[in-house]
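Hi,

Here is the structure I said I would pass on to you. Have a look at it first, and then read my notes below.

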Amino acid sequence: MSNIDTTNNYNSENNSEKYKDQNYKSDQSINNNLLNLYSESNNNDSISLNPSANSFESKVINFGCRLNSSESDIISYNLKKLNVDNVIVINSCAVTKEAERQVKQTIRSLYKNHPEAKIYITGCASQTDKKFYENMPEVSGIIDNTKKLDINEYKKINNQLFSEKLNDITFNSKKIKNDIELSENDIQSRKSFVFPDKSLEIFTLESKIDKNWKDIYKNSFKGRGFVQIQNGCNHRCTFCIIPYGRGPSRSLPMANIVSQVKGLIDNGCGEIVFTGVDITDYGIDLPGHPKLGQIVRRLLNLVPDIKRIRLSSIDVAEIDEDILYLLANEKRFMPHLHISLQAGDDIILKRMKRRHNRQQIIDFCSHARIINPNIVFGADIIAGFPTETDDMFENTRNLLQECNIIYCHIFPYSERPETPAARMPQIPYHVRKSRAKILREDAKQRLLSYYNSQIGKTISVVIEGNGMARGENFGLIKIENSNILPKKLDNISNIIENNKNKNQFNKNIKDNLINNLICGKIYNTIITGIDSYKSEYCMNGIILN
């Protein structure tokens, strides 16, 4: 089952002893062509269509955040388990107008190039602008965002396709729209929106989700695995449309997190990344209201085989004491935090309805560096928010420099329909774009300076595939001696030798096979220099062990 990920890459003393003295116990790479080397027994839960000359393996195309990426893994598994052919599922994003433009462009391109395919859309874009996608002639149906992980939704699709083939009905892309059951929480407009039931678990109803995580992640070749621990948001930032697409905050119970993590580790995953919409709000809806730091510590105790754990975007207004303890004491907790910052000017932060101010960011970064001098920071930044003056922009620019935030995800402000910020006085788009470019150039220089400071140091890296790795500090490393890695794995040569078509085996595919099979392994690596990879800076490294 192919899973194509378009997730954005992030180009992203007094109190210290308090945490040290406590006596507590303590963008991955998937090569779709490699999946043909493996076979799985078919599951007979649903009728499946026999492949025809015009059939192809179904795909999931992912847009947007790490949360979407983790959900796409499950959607892909559902399609594969049911043997669904000729279906493309778009897991969409609505965070900006550009994200939606790319979704629409991709749908039209897929429809043109794969007229035999049935295209379904799910995710935030289809939830917040459902009428538009219902009227797209290229779209066969919408899968409600609250049900996209429910295998029963894909059984309906499969059975519908079987019925059409059985009756030799010419497919009309509009006919199937009403055959997919949509949520009662239909979004007609922002004014009539009703949030999904707060009692819904993060993966909808547990009884409807296959919890065999070991099978879900089988042969997925993940160096780093995204684990969804939370969904939705209870806050109302004035620029953000995501709560309308994902509803209120819901947390995944600890037992489910443990099962998901074990499934990844059993398949060789070397690093666990907690993801969600607002993960620092974790536990507010659960009995006892456990905090994020508490569940990280519990997880590390319950699953001692975890080698590394990392957090995705955090809100400094909700950082708890256990997170600071982990940062000071737990080597498996990665010294890298990505802050949901958005701006560095207090007036703009208030107009965004953020819950932190400029000084709180400075204080947090300073304190974190005291308890762990190796920590590095990333941040999300919006350039050209409504009413932002040149001085306000400089305040953001100076804050990023003062806090030395090196991994920056920067984008021009994008109006989202019926959000409060869209009704504020707007900054001309060319100014937004210019400011974003300045911030990106500043961030590149900080990143380059940091990478140069790492030359000659030995760091621990986890292999992501294609000869690339990630350091504990989130640094991207190009392994210079990746050709020696297969010698450490006994089964590599056997797999290649036993492949009957080995003489026709594309060299690039073979190289990727080798690299993908060692995804998740951790090595000590000496940094030797600076390089580039896919238009971004990276470091060169040589594996020592």
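First, the ground rules. This is a predicted model, where local features need pLDDT of at least 70, side-chain atom pairs count only at pLDDT 80 or more, and totals for chains, interfaces and linings use all residues. Residues are numbered from 1 along each chain as its sequence is written, and side-chain values use heavy atoms, with hydrogens and water left out.

**An open sheet**

Two strands pair if DSSP finds at least two bridges between them. In general, strands of a sheet pair through backbone hydrogen bonds, either parallel or antiparallel.

Now to the sheet itself: three strands make up an open sheet, ordered S6-S9-S10, with parallel pairing. Strand S6 (224–228) and strand S10 (309–311) are at the edges and have a single partner strand each, so one side of each has no neighbour in the sheet. On average, neighbouring strands here are turned by 30° against each other, direction ignored. (Axes are lines fitted to C-alpha atoms, for helices over the stretch in contact, and angles run from 0 to 180 degrees between N-to-C directions.)

Strand S9 (residues 271–275) is joined to S10 by three bridges, and Phe-274 sits opposite Leu-311 in S10. Helix H9 (residues 254–266) packs on this sheet and touches S6 and S9, its direction making about 165° with that of S6. Contact, by the way, means heavy atoms within 4.5 Å.

**A closed barrel**

There is also a closed barrel of five strands, which runs S15-S16-S17-S19-S18 and has mixed pairing. Its neighbouring strands are turned by 50° against each other on average, direction ignored. Strand S17 (residues 476–479) and S19 run parallel and share three bridges; Ile-479 has Gly-541 in S19 as its bridge partner. Helix H15 (residues 429–453) lies across S17, S18 and S19, at about 15° to S19.

**The largest cavity**

How big is the volume of the largest cavity? It comes to about 900 Å³. To find such spaces, a 1 Å grid is laid over the protein atoms alone: a cavity is a set of points where a 1.4 Å probe fits but cannot get out, and lining residues have an atom within 4 Å of a point. Grid points are joined across faces, edges and corners, and the volume is the space filled by probe spheres set on the points.

The lining has 44 residues, and the closest to the cavity's centre are Val-95, Ile-242, Val-277, Gln-342 and Asp-380. Among the elements that give two or more residues to the lining are helix H2 (66–81), strand S13 (376–383) and strand S14 (407–412). By class, the lining has 20 nonpolar, 16 polar and eight charged residues. Here Ala, Val, Leu, Ile, Met, Phe, Trp, Tyr, Cys and Pro count as nonpolar, Asp, Glu, Lys and Arg as charged, and the others, Gly among them, as polar.

S13 and S14 run parallel and are joined by six bridges, with Ala-383 opposite Pro-412. Is S14 covered on one face or both? Both: Tyr-407, His-409 and Phe-411 are buried on one side, and Cys-408, Ile-410 and Pro-412 on the other. Buried means under 20% relative accessible area, exposed over 50%, and partly exposed in between (1.4 Å probe, protein chains only).

**Some single residues**

Ala-368 lies in helix H13 (residues 358–371) and counts as buried, at 0% relative accessibility. Leaving aside neighbours within four places in sequence, Ala-368 is in contact with Leu-327, Ile-375 and Phe-377.

Ser-126, in helix H4 (residues 124–128), is also buried at 0%. Not counting residues up to four places away in sequence, Ser-126 touches Ser-92, Ile-121, Tyr-133 and Ile-142.

Ser-535 is in the loop between strand S18 (522–533) and strand S19 (536–543), and is exposed, with a relative accessible area of 74%. Ser-535 has a positive phi of about 70° although it is not a glycine. Most residues other than glycine have a negative phi.

Happy exploring!

Key. Helix = DSSP H or I, 4+ residues; strand = E, 2+ residues; numbered from the N terminus. 1 Å grid on protein atoms, 1.4 Å probe; cavity = no way out; pocket = protein on both sides within 12 Å on 5 of 7 lines; lining within 4 Å.
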